[in-house]
Amino acid sequence: MAFEYVPAIVLLPFLSFLIALFAGKYLPKGGALAGIAATAGSLLLSIWAFLTVRSQGAYQETIYTWASGFGEQPWELTFGVLIDPLSAMMLVIVTLIATLVHVFSLGYMNDEGETGLPRYYAGLGLFTASMLGFVVADNLLMAFMFFELVGLCSYLLIGFSFREDGPPSAAKKAFLVTRFGDYFFLIGVVAVFATFGTAAFAGAESFPVLAEEAVAGDVTVNTFGFDPTTWFTIVGLLMLGGVVGKSAQFPLHTWLPDAMEGPTPVSALIHAATMVAAGVYLVARMYGFYAVSPTALAIIAFIGGFTALFAATMGVVKREIKQVLAYSTISQYGYMMLALGAGGYVAATFHLMTHAFFKALLFLGAGSVIIAMHHNENMWDMGGLKDKMPVTYWTFLAGSLALAGIFPFSGFWSKDEVLYEALIHGLGGSPLLLGAYAMGLLAVPVTAFYTFRMVYLTFHGEPRSDTARDPEPVRWNVKFPLTVLGVLAVTAGLVNMVPVQKVLGLEGIDYLHQWLDQSFDPLTAHHYAEVSPYSSGYIGGEATTVLVGAAVSLGLALGGLLLATQLYNVAEPTEHTAKLGAIKDVLYNNYYQDEFQVWIANRTRAVASVADTFDQGVVDGVVNGVSSVSLFSGSRIRRIQTGVVTNYAALLTLGLTALLLAFGLLGGWFL
Amino acid sequence: MTTDETGNSGSSLVPGLAAVALFVVMAVAIVQSSFGTAVAFPEGESIVAHIGYAMFDLQGDMGTIASEGFLAAFLIIAIGLDVAVDGALFLAKREEEGSIVALLTDGGRELLDTAEATTAATAEEASMETDTPDSTDTTEGSR
Amino acid sequence: MVPAQYYLLLSAAVFCIGLFGVLTRDNALYFLMSVELMLNAANINFVAFSLFWGNLTGQTFALFVIALAAAEVAIGIGIILVLYRNFGSVSVTDAATMRW
Amino acid sequence: MIIEALIAFTFAAALFTFAVPNKYAGKTAFALSLVPIAGSLYMWSAFESGGNALTGGEIAFETVIPWLEIAGIQVQWFVGVDGISLPLVVLTTFLATLSIVSAWTPIDDRQSQFYGLMLFMEANLLGVFTALDFFLWFIFWEAVLVPMYFLIGVWGGPRRKYAAIKFFVYTNIASLAMFIGFMALVFGLGPSTFGLPEITQALANDQLGAWFGLAPETLKLIAFLALFVGFAVKVPVVPVHTWLPDAHVEAPTPVSIMLAGVLLKMGTYALLRFNFTMLPDQASLLAIPIAIVAVVSVIYGAMLALAQTDLKRIVAYSSVSSMGYVILGLIAFTEFGVGGATFQMVAHGLISGLMFMSVGVIYNATHTRIVSDMSGMADRMPVAVGILVAGAFAYMGLPLMAGFAGEFFIFAGSFDSTLLPYAPIFTALAMFGIVIVAGYLLLAMQRTLFGPFRLETDYEITPAPMHEIAPMAVLLLAIIALGVAPEVFLEMIFDAVGPILDNGGGL
């Protein structure tokens, strides 16, 4: 019953997009109310679908045939919905955050008197629709399509303030960098079609299942002359390009900090909670395909672990509050990738969920601070906001504790499970994973440090500017979303208390594990665990390993927190970056990654202008050369036309003589 | 060739060699060729009279020597000759100022000059007006 | 009877003499005369082959050619007059503005 | 009968428009051009696909009337459509009307002649896409050049004469090569008519004899090369593309729309009809060189677009790039490859039409097309810029817009090609074009449309008038509709493409 309304989950925000776009300027609040109504409606329908999945199991239906082939390529390119535990959970997350962000936007955009509100709400609506379309997609092609649409909305919303110089440039960069990743993704999609003839995620004829059977030798597919495993690794890595781009993993992460040029609610919705999650979600969606390829998994884990550490170090020195959050986002998605690569399907999904809540919370909290600070984002101008905006402070603190991974906030549970999975599978004979685990572990104290550096600089100490002394108050429409998310950030971890279960031996409190096992047969969590190439190893026993792992990561997090307290929880904090020496410059400049990409872009344009010169000079030069040769010879030959009639007569005579001679010789007249 | 003989009339004989060459080629070809025996005209018939018949398409009724009918050609040539004579007169009658032929060859410069001269003339002295009709009369009279 | 080749040789000779005149002279009046020669070369052929085939068409046509020659001279003289008027001479080399 | 009626009406409309006073010519031409739209829509609705017209499939709306006889070969008035040509006929009628409307603002001189020539061109284009007799087809093919020459040469920009002559001479020489190539085939075959179906089927049945001392295989190869060169210029592919940017830059906006939207498709349409339908074996023999040409066109064209500073030149070079995809799809010889290439012809026609129209609207307001001369146009012309942005994204292959559908079909088809060696590598290389196209379009948009408002030329910028926005909106809607429901054309295209693949395509 509920499943029949699943398309409406996607279409409702789309409707609000149309309303805001065409009628927004005639509506009160610039179309915000339509957006809130639509996303709230989607939220309710999603919850309904979620509950129905719980009672009736997963559901898949093809809704629309986009194109269908025949003959040797009988591919059905369809749109359909796949509602299983993973997508139902994601639907609830996306619609919930979208609704809250819409409400928050009332405070951030409408109350601040921004112009272009219909465009803003149209963008939000289209984004929500595209993201939901991506989430419910039942095949890779549909997923790719909505993946791209999500990118478009990101472009439109980052570049919202198009009258300034920064946002359009950041929007361009975001689209271009993710497009570069999507290029590989598209090759992957095409390769999947060419290999399997289908791109369905679920069902007996779905490509992850076929891949599994092909590796086992049960079916043959077109692997273009490669060994099946090798070919699936290649295809999987190609599709990983899109994931790396969208989820801002190294080396395509550079767009995300720039994307903070967009309005803060957009950063919360798109660049923290949902769109960036699309990449990770995609890997989780077709995890069965990756599971057959150990190499691809190892690469995913390594990219994830490296990004987690790499991005965290850059977050340490940033001055703007949103920049810190941006790098922490990159870093946290690194954890999810690490989990996926380490065979921790549930762990990744878990962290995806908790991160969505606490990062949305942190961004909205930062938005609240930015409203209060009259759009000054520099943390060194803040300070002492704790007393003036208590709701923001306490919720922000909850989010920060979750981000830092402090017991018992949600982030602790999920991050701990990620690291645990990496650890046991690493110990089980995958030294590469241990390397990734080490990087993930190293990132823990760094994360805690920059998180609390941010908290202390923003809320503690003495106000360091006039605006911080007299901040602008925020209204209910800001506080309400913060409160909801604050509660979730504290409690969301309770859905999956695996360590507690393992240590205390309690059965049945790993709700998320059970939940994700309810899907169609090959899409279940324990099936993935079976397929994945890893085996587990423990330090001592399982419970010991859990305890050791949790203790180490919690200890490191607390260490980072304490260091931050030491340095910045003072009345007059000073910059300590000078102590980093030469590393400081490297970190400030983001390891010169941006410079490197700008350099690549400039090289490309230099090559382009060389090509242009070549085209104008050589290719067109040949054309013009041919024409000038004929023009020149024409100008010479026309000199025959002397204008003197005697010459014409002479030419006629000679011509006639020559002609007669020719005919005579050929015809034998002179014999 | 074209430049150095503008003054004197027809000095260079070199182009004439082409004519000689043409003659040589034609002569060789002619000498080498052979024709069958000639048919010739029947004895006793008046050739001139038969030409007359042919001219007026009467050869079938009156004559015995084969020929085409030329009445149409005769009439066309007659008209052609008339046109030629008229044309010759037309070309010959034009004198000085503003002739069409002059315009064709000088790109209209003369017309411009004439127009300026005329305006200048009318502005300066009106007495000249009597001269112009006079000259026109003379031209028409010569026709 | 005289063989046809002789007539043809004569005609070719007359034609080439006319052509020679056209090629070597630049006085337009010479041109008229030379062209007259060339036309008459054609007439010789007409008449010769009229006799050869026993058909009067050639002879009749020769008459037309003569008439055409008259017309040509009439026009030609007119053109030469205009030529003289515009260029101050009857040399064909001076009337060389229609080139290139 | 409907096809003759359509062509005859359009010719008559052209003549009538010539006689209408300048002031009313635009509106008259618009009203008259609605009739061909209605006709083509009727054809579309009444069309029942029945295979490929050339390989013996059913020909819809067919008319065969003997006309002339040349060298013992019968020339016929032979027209008809199949699933390949019908979408192009619909595209032609639509774009012609929209470009006529888009001419209302920029064309302020000799309007009646301008619109008359536009309609004349439309009539000939309809002829090109419907004629099934080579002789008839060739007449229409060449007759398209004449109005185009005048439209560029009379109403064009400062270097219009250079551009018009270059366009005319270049494409005409190409036509010559093509004509010779085809005539070699005709004389080798000695068919009884110039009908394309007869020639195609005779070639498929190996009826080609030796001619002029050339063995049939050699003759086919020569003919294939001559035809390919002839059509490649029209498409155009690298390295015979240089007439295109010049022609586009000098041509007025509506002419650019027709040039990019329909005229370029003549080349790919003819490639499909002649080279790939009649001589599939030669195509597979030359698969690698052709694929190289396609990939080079995509990448090189896109790189050139990246280096341009004139908005119109950017779009012009990107057409070279997009046409490269079509060639790649054709050489793949798979359902999705060839079908996608045909679909891409229509899609690119609409999208490039929209892009040129948008650039034209900006030009009408600013009187400049140089990127560095302006910025922040979105501030002054929000609606036009909005549609331009949408069009640019369509060009980049945004899903649910026509461009993505075409490109995806082509990529999917060519990746899977069994005929083209190293197909996945060629496909992957060509696909990199989608990154570069995003690069240059986003860069150009960022510089001209966004940022603080600045304009070097002294013109007051007002929002674009309704009659400039409306055709853009129509095109955008069509692009989205085709992107959401490609089946409307794809089904009939696939139906007509299938027999081509059966006919050959494998060595």
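**Figure 1. Helix H15 of chain A and the residue that follows.** In this predicted model, H15(A) is followed by A:His374, whose phi is positive, near 55°. The helix itself covers residues 345–372 of chain A, 28 residues in total. From its first C-alpha to its last, H15(A) reaches 40 Å, close to the 40 Å expected at 1.5 Å a residue. Burial extends along the helix: 28 of the 28 residues of H15(A) are buried, and the element is thus described as mostly covered.

**Figure 2. The largest nonpolar core.** This core has 469 residues. The residues with the most contacts inside the core are A:Ile97, A:Val280, A:Ala360 and A:Ala489 from chain A, together with D:Leu328, D:Ile331 and D:Ile479 from chain D. H15(A) provides the largest share of this core, 20 residues. In soluble globular proteins, nonpolar side chains tend to be buried together.

**Figure 3. Surroundings of D:Leu328.** D:Leu328 is one of the residues with the most contacts inside the largest nonpolar core. When its neighbours within four places in sequence are left aside, D:Leu328 is in contact with D:Ala291, D:Ala294 and D:Val295, as well as with D:Ile410, D:Ser414, D:Phe426 and D:Ala430. A second, separate core has 34 residues and includes C:Ala4, C:Leu23, C:Phe31 and C:Leu51.

**Figure 4. Helix H8 of chain D and its cover.** Buried positions in H8(D) include D:Leu219, D:Lys220, D:Ala223, D:Phe224, D:Ala226, D:Leu227 and D:Phe228. Towards the end of the helix, D:Gly230, D:Phe231, D:Ala232, D:Val233 and D:Lys234 are also buried. The cover over the buried residues of H8(D) includes helix H6 (160–189), helix H10 (253–278) and helix H11 (280–285) of chain D.

**Figure 5. Overall fold of chain D.** Chain D contains 21 helices and four strands. Its C-alpha trace spans about 70 × 55 × 40 Å along the principal axes. A compact globule of 507 residues would have a radius of gyration near 23 Å, so the 22 Å of chain D agrees with that value. Buried residues make up 66% of the 507 residues in chain D. Of the contacts in chain D with a separation of 6 or more, 80% join residues 24 or more positions apart.

**Figure 6. The contact between chains B and C.** Of the four pairs of chains that touch, chains B and C have the most contacts. Their contact takes 43 residues from chain C and 47 residues from chain B. On the side of chain C that touches chain B, helix H1 (4–24), helix H2 (28–53) and helix H3 (57–87) of chain C each supply at least two residues. H3(C) gives the largest share of that side, 17 residues. By class, this side of chain C has 27 nonpolar, 13 polar and three charged residues.

**Figure 7. The contact between chains A and B, and pairs that do not touch.** Here 12 residues of chain B are in contact with 15 residues of chain A. The side of chain B that touches chain A has nine nonpolar, three polar and no charged residues. Chain B and chain D do not touch, and their nearest C-alpha atoms are 26 Å apart. Chain C and chain D likewise do not touch, with nearest C-alpha atoms 21 Å apart.

Methods. Residues are numbered from 1 along each chain as its sequence is written. Chains are lettered from A and ligands numbered from 1 in the order in which they are written. The radius of gyration is taken over C-alpha atoms; the globule rule is 2.2 Å times the number of residues to the power 0.38. A residue is buried if 20 or more other C-beta atoms lie within 10 Å of its own, exposed if 12 or fewer, and partly exposed in between; C-beta atoms are placed from the backbone. Two residues are in contact if their C-beta atoms, placed from the backbone, lie within 7 Å. Ala, Val, Leu, Ile, Met, Phe, Trp, Tyr, Cys and Pro count as nonpolar, Asp, Glu, Lys and Arg as charged, and the others, Gly among them, as polar. The expected span of a helix is 1.5 Å times one less than its number of residues. A nonpolar core is a set of buried Ala, Val, Leu, Ile, Met, Phe, Trp, Tyr and Cys residues joined through C-beta atoms within 7 Å.
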